[in-house]
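Here is a short briefing for a reader who is meeting this structure for the first time.

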Amino acid sequence: MLPPLPSVGGPLSRRTFLAAAGGALTALGLAGCATAESRPTITFHQSKPEAVPYFRDLAAKFTASQDRFRVLHDMATNLSASFVRSSPPDLGCLNYNLEMARFMERGALSDLSDLPEADSIRDDVLDLTNWYPTYAGRTSVIPYSVMAASVIYNRRIFEEHGLAVPTTWNELIEVCERLKAAGITPIYGTFRDPWTVAQGMFDYTVGGMVDVRAFYQKMHGTGENVGPGSEVSFQKTLLEPVRRMVQLTGYVNPDASSRGYGDGNTAMAQGQAAMYFQGPWAFGEIEKAGTDVDLGTFPLPMTDDPADLKVRVNVDLSLWVPEAANGQEGARAFLQYLLQPEIQDPYNAKFLGFGTAKDAPPVADPRIVEMQKYYDEGRFYMGASQFIPNTIPAANYIQSIIGGADPESTLRRMDADWASLAFRA
């Protein structure tokens, strides 16, 4: 039996609300009182490829569980065009990033603060949405799933060579040296794909040394004046972590420049390297190889103080309802349905996400369980590459540094691009 359809609004706590909803909404009845086609249609936009069948099934179950709304799963809508035409989807469930934040900043997303679920979200997780420009006075986005990423490592290789998980920069270099001396590739590089370098080596090294949020707040404040003389800049602030990133390339496979994401997953499945700078989304691909490999995760140490250890996170899925949505009532009802623990928690368990609610259960998958304590303690950051507008080809710049370009001059070029973009804006 599916959980009952939640009511909209009211100052109930998450658990109290769920208990009350069962009795209060019995009057809604089950499907059959009205055909699905005769009900108002709610367009639900969700396009995370591996989760499409999962959410399509949830949309069908919700439609069958009540007789007020019909949910139509949509993954093909061009969001920017739909907002321009004032015909956006009724409910979105997407990765929350810089491009998505444009809609929140301009007031295109409705206020969800009256929903009890908004109060159930961890404050530090909800605050992640405020790392981007916001619309004052609104809770425009409710985080649904957080993805935490760190170094994937082969436990058996570490154990066979008597290696402990490093917690400082010097320990990391020592581990790499010992692996290299033993004929083991310390880190598997996939530098052919620019995004893997940006979200992996670049984000991990920068996030382990720099306060990412404070850096970008100052960068936005400096705007067109970012450059050699400014207080912050890519060249000045990120040069040291980028140099350490380059140092780590001395421990990758010799053919890293010609290897892509798929190659990295295959290599890790076959035990060809000890470490891999990828997120948990890679585990599903690695698992397809059917090999008996024992993998875990740890945050990349970038300083000599273990207290600085943090993991990279992103709001992998967030829920939002546009102001221009035609079916706001149904969208909010389906949103509340998705946020019930009976629905949300199994999703995160299946797709290796971390729960966003204050009472969310800890992760149980042994491949990511080592990141739980950092998540619990709020020791996380969002990737530095995710705050650079797409008009600046940051991933390509970072890839060129990995390939041998001078870090200082390349970061100076990124400063010039940032200043030029700010001037035009």
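The second largest pocket is lined by 17 residues, and those nearest its centre are L98, H220, P389, L421 and A425. A pocket here is an open set of points on a 1 Å grid over the protein atoms alone, with protein on both sides within 12 Å along at least five of seven lines, and lining residues have an atom within 4 Å of a point. The model is predicted, with local features needing pLDDT of at least 70 and side-chain atom pairs 80 or more, while totals for chains, interfaces and linings use all residues. Residues are numbered from 1 along each chain as its sequence is written, and side-chain values use heavy atoms, leaving out hydrogens and water.

**Second largest pocket**
- Two or more lining residues come from each of α4 and α19 (407–424), and α4 gives the largest share, five residues.
- The space in this pocket is about 490 Å³, a volume being the space filled by probe spheres set on the points.

**Largest pocket**
- The largest pocket has a volume of about 1000 Å³, and among its 38 lining residues N95, N97, R312, N314 and Q386 are the closest to its centre.
- Elements that give two or more residues to this lining include α9 (194–207) and β8 (311–320).

**Helix α16**
- After α16 comes L352, whose phi is positive, near 60°.

How values were computed:
On a 1 Å grid over the protein atoms alone, a cavity is a set of points where a 1.4 Å probe fits but cannot get out, and a pocket is an open set with protein on both sides within 12 Å along at least five of seven lines; lining residues have an atom within 4 Å of a point. Helices (H or I, at least four residues) and strands (E, at least two) are DSSP runs, numbered from the N terminus.
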